[in-house]
Amino acid sequence: MSGHVPPLLTTPSLPRTPLYQRHTGLPPSPTPSGAPPLRRPPAVNSMPLTPASDRLTHFHSFYNAKGEDEVPSYMPPTVVPPTRWVKYKRQWHGFQMPVITCQPLGRFGNVMGEYATLFALRRMYNASVVVAPAMSSQLNGTFPHLSLPRHPGPFQREQWRPVGKVGALYNYALVEVAATGLLGPHLFVMTDYAFEIQLFKIYKEELRREFRFSDKIQSEVRNYLQGVQRKHERIAHSTNSTTTSSGEGPPVLVGLHVRRTDYVKHAKKMFGAKLPGEEYFKRALNYYRAKFPNNVAFVAASDDMAFIQSKLKTEKDVFYAPGKSASFDMALLSSCNHSIVTMGSYGFWTGFLAGGEVVYPDVKLYSDY
């Protein structure tokens, strides 16, 4: 084997509810005549393969296995102790000042992270937050049940004071200071791709409810996954195999997301890192194959489908997303039992929302992050 292959790292599995039940509370829609119903087994608890470094796994450290409705028992320390927070009588459109919003930057996964950061500021600091019109237009079509209040009327950027990272690193402590009121009763707009995992990670189950996909997307995902199940069964029968070791049951679904295109140069420029390639993909696939012998189906999505298809063209248990939209692909991957990711915020959210075990590469970063 030539070159460095990043070791596989995994996160523990969590009990989870299938997408159609978790997002709507309803049973699955009827299947076409003669088609088997889509049944997905629960996630299986597992042990990590290797100890994980803090820089790659700090957002997993508060996962628990107590169920989706469990209230977090731990609150991270705030930048400023609550005894020093300042409250003002001044209001803006009925919101107590200060008020914080965010002009969305980046692609779909980045914008979700910016929303989640606003959500955490509201929950942790009882801060007034509003969702800017640009963020609403990017998220509401996919997630129609978002609970944060929207910005009233047109957004006038000149009325808002920018507050972002401190120094060259991604340190957003100043945003938290603004939320405490210590920077005054003003309107603040977050800048610089705020994606504060250490703030919103403890609200994981609340955010999974926030990021509920539209009924239309859920229906399309159900139809696609039913097709994957049927194809998997045909392949298993054609190779004289069985769908499980006991001869019955649906395959375990594993979502695979591969971030490419502009991120190849971005990762090298920002972190001095190289994206994982074919050897990592195959090791990750083989990890789940060993875990679920003859009973696993992989669903692959990427912003460069030609690349991933060329690398995995001989893998008969890999099924490729149709690539309808970023929203569809995320709903598809997050409805799987477990996940394989590479780098980037989009892949992070597929694993975060799926709730099962996540395999990810231990990528060496050669610059501060």
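## The loop between β2 and β3

H93 sits in the loop between β2 (91–92) and β3. In this predicted model, its phi is near 50°, a positive value in a residue other than glycine. H93 counts as exposed because its relative accessibility is 57%, and the cut-off for exposed is over 50%.

## A cis peptide bond

The next loop discussed here runs between β3 (95–96) and β4 (99–102), and P98 lies in it. M97 and P98 are joined by a cis peptide bond. Omega there is about 5°.

With a relative accessible area of 40%, Y193 is partly exposed.

## E205 in α7

Helix α7 covers residues 204–210 and contains E205. E205 has 14% relative accessibility, under the 20% cut-off, so the residue counts as buried. Its side chain makes a polar contact of 3.0 Å with the side chain of R208.

## Y287 in α10

Y287 belongs to helix α10 (residues 278–291). The relative accessible area of Y287 is 14%, under the 20% cut-off, so this residue is buried.

## Packing of α12 on α13

Helix α12 spans residues 326–334, and helix α13 spans residues 345–354. They pack at an angle of about 40°, with axes 8 Å apart. The two helices are therefore oblique to each other. The crossing of α12 past α13 is right-handed.

On the α12 side, the contact involves A326, D329, M330, L333 and S334. On the α13 side, it involves Y346, W349, T350, L353 and A354. By class, the residues of this contact are seven nonpolar, two polar and one charged.

## The chain as a whole

The protein chain has 369 residues, and 53% of them are buried. Its secondary structure comprises 13 helices and twelve strands.

Sequence separation in the contacts can also be stated. Take the contacts between residues at least 6 apart in sequence: 78% of these join residues at least 24 apart.

Technical notes
Residues numbered from 1 in each chain as written. Predicted model: local features only at pLDDT ≥ 70, side-chain atom pairs only at ≥ 80, totals over all residues. Heavy atoms only, no water. Axes fitted to C-alpha atoms, helices over the stretch in contact; angles between N-to-C directions. Helix = DSSP H or I, 4+ residues; strand = E, 2+ residues; numbered from the N terminus. Parallel < 35°, antiparallel > 145°, perpendicular 65-115°, else oblique. Left-handed = near helix turned anticlockwise from the far one by under 90°. Contact = heavy atoms within 4.5 Å. Nonpolar A, V, L, I, M, F, W, Y, C, P; charged D, E, K, R; others polar. Buried < 20%, exposed > 50% of the residue type's maximum accessible area, 1.4 Å probe, protein only. Polar contact = N/O pair within 3.5 Å; in protein donor to acceptor, adjacent residues only side chain to side chain.
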